[in-house]
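Please read the following note with the sequence and the 3D structure at hand. It is written for a reader who is new to structural description.

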Amino acid sequence: MAHSSQHPLIALLLLGLAATPTTLAADAADEFFDQGQIPRLKIEIAEAELNKLRADNRNYVRCKLIENDQREYKEIGIKLKGAAGSFRGVDDRPALTLNMDKYTKKQTFHDLDKFHLNNSVQDGSYLNELICGEIAALAKVPAARATHARVWLNGRDLGLYVLKEGFDSHFLKRHFGSNKGNLYDGGFCQDIDANLEKDSGDGPDDQSDLKELVAACREPDPAKRWQRVGELVDIDQFCSFVAFELMTSHWDGYCNNRNNYRLYFHPTTKRWQFMPHGMDQMFGDTNASVLNTPGALVCQAVLTNPEWRAKYRDRLAAMVPIFSPPDKLHAKIDAVHARLKPVLMALGENWVRDNENHARGLKDRLAARAKSLEQQIATAEPRPLAFDAAGVAPLKGWYSKSESADAIHEPAATDPNAAALSIACGPSGSCVASWRTKVLLPAGNYEFRGRAKAEGIIPQADTASGAGLRISGGQRANQLSGTADWQEIVHELTIGNALQEVELVAELRATKGLVRFDAKSLRIVKKAP
């Protein structure tokens, strides 16, 4: 998040990130979130209003807010928030939403129209929202800022809360330059095809804009689907959003659980953008995959497109420096904990001890997640092939594999006419060995082609023996044996899935002999529909 009072952590992380976030306009909330003191907030709700809240906790009632025993805000809207895990009744330790200008026009709290007080019952560190909000900003994903507050409700000390800005008109103007587009709340475990709540916007009220996006994602023809989805979704931003959710192990977000998200139709670009929410249960599974395609509707529509899948892969690689090494995030946790300590000490030693333990656990998970992300990116699935205008894609990244201990692989220019990948039988007289590479292919019909040369190949007795081309797990009809000069070999294949990983095999199954595959000629050819 770049602004005039840029946080030191963000400045450090920007040095290691390939694509820097869009600069956001400075506002009065910057200093409050980045460096301001942790406020003491006393909420007073009259008995009559309190009874209304007990009867209907999702509708606003009036309250008064006193900040640090000095500043008083009157006629504020307040309601309860939270879902299955975090919801608590008003007479318990509730999570709250405060709407500053619900009843008093232009009233704000440190430039915020709306903010939330999260009880953090599912995050003992009280840090996930804050850390992930800053990570999201670096990932070019619009996200709410967070800090902390100590809260009283009608004189009852509720303890430490996470204070988080709301998705209000100020938030929308700050991130998108306009608050006129439709903003939808994803609700509880609902994809975009549900009857989502429209929070604001001058667009249609009949959800026709959402229905158009749903129809585009469900278009059966891949070419038409991707064209329409590309017209309706900010693909760059969506790839960043998915990368953020998966890299932070946000199991309860849009991608993995169709939960905790907002989506906004940008009135200028005319494209949808997604925003994360409910980031209190993060980094739980430090080995969670960032390479599997999540099941959410828009994820399926976007990440099965080979070009967009490659864009997503690039975004993952660009974001790794945010997490690894984890020292920068650890330093942030230490700084926040030091800032919190006086408040925790005032609450009691148990608060201090519990917070220290949870903060230490979060640091451990961040270190483990950094390691996992490095490993996943290093061993990631292949990029989708790039075909030229003639429908041809050259192949590279070949690696050897052998079921025979003495098979001989030689990736060398052993023939003056070709850069060869060779396989030779060893003394045992039993050679099952290959050169392989993995590719991602969209649905369609293809030919795996390449030139090969045989020298004294005696095939094994089984079928489809000798030298040839195939895909892993499949059979082949082509066979090269004996001694033969360079010739073209063809293996046909059909991909039924929208996007499928395929391992290509250039092999030798023989009791004697040698095969050379012309590495420069090995290619995939897309056949006409």
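The numbered points below treat a pair of helices and then the aromatic rings.

1. The structure is a predicted model, and the remarks that follow should be read as a description of that model.

2. Helix H8 covers residues 235–247 and helix H11 covers residues 306–323; the two pack with their axes 9 Å apart, at an angle of about 50 degrees. H8 is therefore oblique to H11. The crossing of these two helices is right-handed.

3. Which residues of H8 and H11 make the contact? On the H8 side they are Ile235, Asp236, Cys239, Ser240, Val242, Ala243, Phe244, Leu246 and Met247. H11 contributes Trp308, Lys311, Tyr312, Arg315, Leu316, Met319, Val320 and Phe323. Sorted by class, the contact of H8 with H11 holds 13 nonpolar residues, one polar residue and three charged residues.

4. Across the whole structure, a search finds 17 aromatic pairs. One of them joins Tyr126 and Trp351 in a tilted arrangement, with 6.1 Å from centre to centre and 50 degrees between the planes.

5. Tyr126 is located in the loop between strand S5 (114–118) and helix H4 (128–138), while Trp351 belongs to helix H13 (residues 349–378), so this pair ties together parts that are 225 residues apart in sequence.

6. Are the two partners buried or exposed? Tyr126 has 10% relative accessibility and so counts as buried. Trp351, at 25% relative accessibility, counts as partly exposed.

7. Elsewhere in the list of rings, Phe32, Phe33, Tyr73, Phe109 and Phe115 are linked into a cluster by ring pairs.

How values were computed: Residues numbered from 1 in each chain as written. Predicted model: local features only at pLDDT ≥ 70, side-chain atom pairs only at ≥ 80, totals over all residues. Heavy atoms only, no water. Axes fitted to C-alpha atoms, helices over the stretch in contact; angles between N-to-C directions. Helix = DSSP H or I, 4+ residues; strand = E, 2+ residues; numbered from the N terminus. Parallel < 35°, antiparallel > 145°, perpendicular 65-115°, else oblique. Left-handed = near helix turned anticlockwise from the far one by under 90°. Contact = heavy atoms within 4.5 Å. Nonpolar A, V, L, I, M, F, W, Y, C, P; charged D, E, K, R; others polar. Phe/Tyr/Trp six-rings, centres within 6.5 Å; stacked < 30°, edge-to-face > 60°. Buried < 20%, exposed > 50% of the residue type's maximum accessible area, 1.4 Å probe, protein only.
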